[in-house]
Amino acid sequence: MRPDIEIARNAAIRPVAEVAASLGIPFEALDSYGQYKAKLSLDYIDSLQDRPDGKLILVTGINPTPAGEGKSTTLIGLHDALQQMGQKSIACLREPSLGPCFGMKGGATGGGYAQVMPMDDINLHFTGDFHAIGAANNLLAAMLDNHLYWGNSLLIDERRIQFRRALDMNDRALRAFASSAVGVSRTSGFDIVAASEVMAIFCLADSMSDLGRRLGNIVIASDIDERPVFGRDIEAAGAMTVLLRDAFAPNMVQTLENNPALVHGGPFANIAHGCNSVMATRAGLKLADYVITEAGFGADLGAEKFFDIKCRSAGLEPAAAVVVATVRALKMHGGVAREDLDQANPAALEAGMANLLRHVENVRKFNLPAVVALNQFSSDTEEEIEAVRRALAGLDVEVSVCTHWAEGGRGALDLAQKVRQLADSGGTDFKPLYPDDLSFEEKIRTVAREVYRAGDVEIPDAVRERLRQWEAMGRGHLPICIAKTPYSFSTDPEAKGAPSGHTLPVRDVRLFNGAEFVVVITGDILTMPGLPFAPAARDIALNEDGEIVGLF
């Protein structure tokens, strides 16, 4: 058994009602799912609205590598450290998808002594939120096909149906399929639930009424006169909202140190907007003085979308950011093979530092102060750590060496002190990267130029025409959500470090009218992943004691 899994198995977990009580949450505000997980009542969240907001802190990172960075682990360690310092804090994370759990990436509950519990439950079915989102999505798809079957009174053009089904599993066979079940041959496909518009709506809606409004605003197709057809036109939004009613309440769990955490919503950051739910974040801001949240993958994807989509939509103003890196990952960005990462290589470390420096520079473009959390491995040398400090000194950015994986919150006390100082300094004038009134094409070019450092953007004429049509519909003020490989600033996952001057090829665009952003698909990115050659599912089983083994 992996040591961090054994740590989780042996942890002393407390009843979730006791954990909630540490934030003053009464028992009657909880809808318990067993002893250790609960939904936070929406009525109770509404009752908190007159309270002042705490400070919102984003944890992001460098472009991920197989060497490991530990973004979620750092978030949890920081939260536990703030609690050890006597501060009132809460962690807000996303729910894991079954796709990565059974595929290659694994779960998303942290690691070592910086985890959220119960780990097995959170990584698998949890409270059923993903299933509810998939069911709501597929109900809309079924009602659309049913409308076609019973006469198509809306005169939907079957060639212009754009809504797709969704499944919370990596399954490349479902990326595209042909159907003639309603008498008309057409092609469609599945997205993974984490990339669906319903997931995005679930995470961006700020009330049940807003949720229903957004579901009704989903553009499912065009009619024969090329006018949009919405989810409300086939009267699906009401039943979809019913399916999502219970799921919409945030989930409360705990860290290994028995500190409260809200785990709710789970969009991917490479193909979606990569942030936990607005409902959970806003609840956290009313319950605690410091809310630590995360955005998926590197800052070029997750942080940019957190700032430009979530904060813009919800009116959030973050107070500080943490950029997570490891010496091992930086050496891999500098060209070192995985098997050689434990060997000192100053030249590779210096070359790989370009990735971290660019992410820090990008975060600062949003007028947000940042600190670097260097997640320490036992193979790191003092010379390597000092080299990272020297490289960041030119940007006047502090580095905190963290050992929370091995020591829990105690290993992130220095980081917690630095984050508190930044968050309390008031030294931020947060603003998104681009204004609402830029054209879609200029928004794409702005992110490509300012964040990815691309030299050019290729947009096919057909894609450009669709963007112009959506602007003519009055949707030009919406932000963009670029779907791109998480492993590089470019669309080439093998281009490590900090490539510049590359071309960003736009392959497709999708209007998420209910979620209120436009998805821009670039390079070879896919919205339904496949399983790797040796999927993690092969190692997952029950042992003789009925415990889950192999899940990580």
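**Entry 1: strand β18**

I began with strand β18, residues 370-375, and looked up how many of its residues are buried: six of the six are, so the strand is largely enclosed by the rest of the structure. I note here that the model is a predicted one.

On one side Ala370, Val372 and Leu374 are buried.

**Entry 2: the neighbours of β18**

Next I looked up which strands pair with β18. Strand β17, residues 320-325, pairs with β18 in the parallel sense, and I found five bridges between them. Within this pairing Val322 stands opposite Val371 of β18.

For Ala373 I looked up the bridge partner in β19 and found Ser400. I followed the chain from β18 to β19: the path goes through helix α15, residues 382-393, and this β-α-β crossover is right-handed.

**Entry 3: a sheet of three strands**

I turned to an open sheet with the strand order β7-β12-β13, where the pairing is antiparallel. Its edge strands are β7 (156-161) and β13 (228-230), each of which pairs on one side only. I also looked up the angle between neighbouring strands of this sheet, and the average is 50° with direction ignored.

For β7 and strand β12, residues 219-223, I found two bridges, with the strands running antiparallel. Ile161 of this pair stands opposite Ala221 in β12. As a reminder to myself, strands of a sheet pair through backbone hydrogen bonds, either parallel or antiparallel.

**Entry 4: cysteines**

How many disulfides does the structure hold? I found zero. The cut-off I need here is that the two cysteine sulfur atoms must lie within 2.5 Å.

Cys101 is buried, and its relative accessible area is 1%.

For Cys481 the closest cysteine sulfur belongs to Cys275, at 8.9 Å, and that is also too far for a bond. Cys481 is buried too, with a relative accessible area of 0%.

Note on methods:
Residues are numbered from 1 along each chain as its sequence is written. This is a predicted model: local features need pLDDT of at least 70, side-chain atom pairs count only at pLDDT 80 or more; totals for chains, interfaces and linings use all residues. Side-chain values use heavy atoms; hydrogens and water are left out. Buried means under 20% relative accessible area, exposed over 50%, partly exposed in between (1.4 Å probe, protein chains only). Helices (H or I, at least four residues) and strands (E, at least two) are DSSP runs, numbered from the N terminus. Two strands pair if DSSP finds at least two bridges between them. A crossover is right-handed if, with the strands pointing away from the viewer, the path from the first strand over the helix to the second runs clockwise. Axes are lines fitted to C-alpha atoms, for helices over the stretch in contact, and angles run from 0 to 180 degrees between N-to-C directions.
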